[in-house]
Amino acid sequence: NEVNVHMGRINSAVRFKLWIDGEPFGEGEEIIGDGFLVATPFGSTAYFKQIARGVLYTGLGVAFKLVSSVVNHVVIPDTSTVRAVITRGPALMGYDNAPDYYELEEGDELVMHKAAQPAILLTWDEMKHPNDAF
């Protein structure tokens, strides 16, 4: 639902480059800032909403966190692939409520795209055993 890349030190920005479907994002220049995130519509209602000031209804959203260049968030088709390369770290990467995160260094590459299989969401009624007395 969401992949979040953030600077690894409070006193040092992360630098990265992005490609969308193999094409360099913007002018292909290095982006310097606190990081970025890639969100699905389901994952766009929290952090993405705070950064981009909106939610997604279709596609994937790419939002940038306090970057030095003039870039705006973008919404791309959900068939797209986003590739990022860390050009100066450290950075941290986490995803949708995962308890762990991953340390990223210069040269590390992330490839983000929609999963082949959809997530399965269960409601309380589906999780309850028929004999539970609630």
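**Strand pairing and core**

Modeller: Strand β2 and strand β4 (residues 31-33) run antiparallel and are joined by three bridges. Strands here are DSSP runs (E, at least two residues), numbered from the N terminus, and two strands pair if DSSP finds at least two bridges between them. The model is predicted, so local features need pLDDT of at least 70 and side-chain atom pairs pLDDT 80 or more, while totals for chains, interfaces and linings use all residues. Residues are numbered from 1 along each chain as its sequence is written, and side-chain values use heavy atoms, without hydrogens and water.

Biologist: What is the bridge partner of Arg15 in β4?

Modeller: Arg15 is partnered with Ile32.

Biologist: How many bridges pair β2 with β8?

Modeller: Six, in the antiparallel sense, with β8 spanning residues 81-88. There, Leu18 has Ala84 as its bridge partner.

Biologist: And what do β2 and β3 form?

Modeller: They form a hairpin with two residues between them, and Asp21 in the turn has a positive phi of about 50°.

Biologist: Why is β2 largely enclosed?

Modeller: Because five of its seven residues (14-20) are buried, that is, under 20% relative accessible area with a 1.4 Å probe, protein chains only.

Biologist: Changing topic, how many residues are in the largest nonpolar core?

Modeller: It has 24, and Phe16 and Leu18 are among those with the most contacts inside it. Strand β2 gives the largest share, four residues. Such a core is a set of buried Ala, Val, Leu, Ile, Met, Phe, Trp, Tyr and Cys residues joined through side-chain atoms within 4.5 Å.

Definitions and conventions:
Buried < 20%, exposed > 50% of the residue type's maximum accessible area, 1.4 Å probe, protein only.
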